[in-house]
Amino acid sequence: MPAAVIGSHRATGRTITEQFRAFDAHNPHVFRALERMTGRRLAAGATRVSLKDLFEDLRRQLPHGVAGLNNNYTALYARRLMDEHPYWAGAFELRRRRAA
């Protein structure tokens, strides 16, 4: 499963949201994997899903040495999952965003 490495905000001059959008556009398999994993957990009876837990599970599935899953993206992926699956909104707990 390929993954792009996106630099830090200081190195790129881009916001986390901009970095996320670039990463997501180049790595659509990450969203699809998170979508599958969320669906499976909810179908198995979970009422809450942690994107941080899903990220850790996904990291274990990546070939050794592949990088790119930035913890700064977890809330953005949760929001994207809720946008695409509004009926999942109650499964994720999110803080209010500080930046657009």
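User: What is the mean pLDDT of the protein chain?

Analyst: pLDDT is the predictor's confidence in each residue, from 0 to 100; here the chain has a mean of 84, and 80% of its residues reach 70 or more. Because the model is predicted, local features need pLDDT of at least 70 and side-chain atom pairs count only at 80 or more, whereas totals for chains, interfaces and linings use all residues. Residues are numbered from 1 along each chain as its sequence is written, and side-chain values use heavy atoms, with hydrogens and water left out.

User: Which residues of α4 are buried?

Analyst: Buried means under 20% relative accessible area, with a 1.4 Å probe and protein chains only, and helices are DSSP runs of H or I with at least four residues, numbered from the N terminus. In α4 (residues 51-61) the buried residues are Leu 51, Leu 54, Phe 55 and Leu 58. They lie on the same side of α4, because they cover an arc of only 100° around the axis, taken from the directions from the axis to the C-beta atoms.

User: How do I read the packing of two helices?

Analyst: Two packed helices are described by the angle and the distance between their axes, which are lines fitted to C-alpha atoms over the stretch in contact, with angles from 0 to 180 degrees between N-to-C directions. The axes of α4 and α5 come within 9 Å and cross at roughly 105°, so the two helices are roughly perpendicular, a label for angles of 65 to 115 degrees.

User: Which residues of α4 and α5 meet?

Analyst: With contact meaning heavy atoms within 4.5 Å, Leu 51, Lys 52 and Phe 55 in α4 meet Thr 74, Tyr 77, Ala 78 and Leu 81 in α5. Thr 74 counts as buried, at 7% relative accessibility.

Technical notes
Buried < 20%, exposed > 50% of the residue type's maximum accessible area, 1.4 Å probe, protein only. Parallel < 35°, antiparallel > 145°, perpendicular 65-115°, else oblique.
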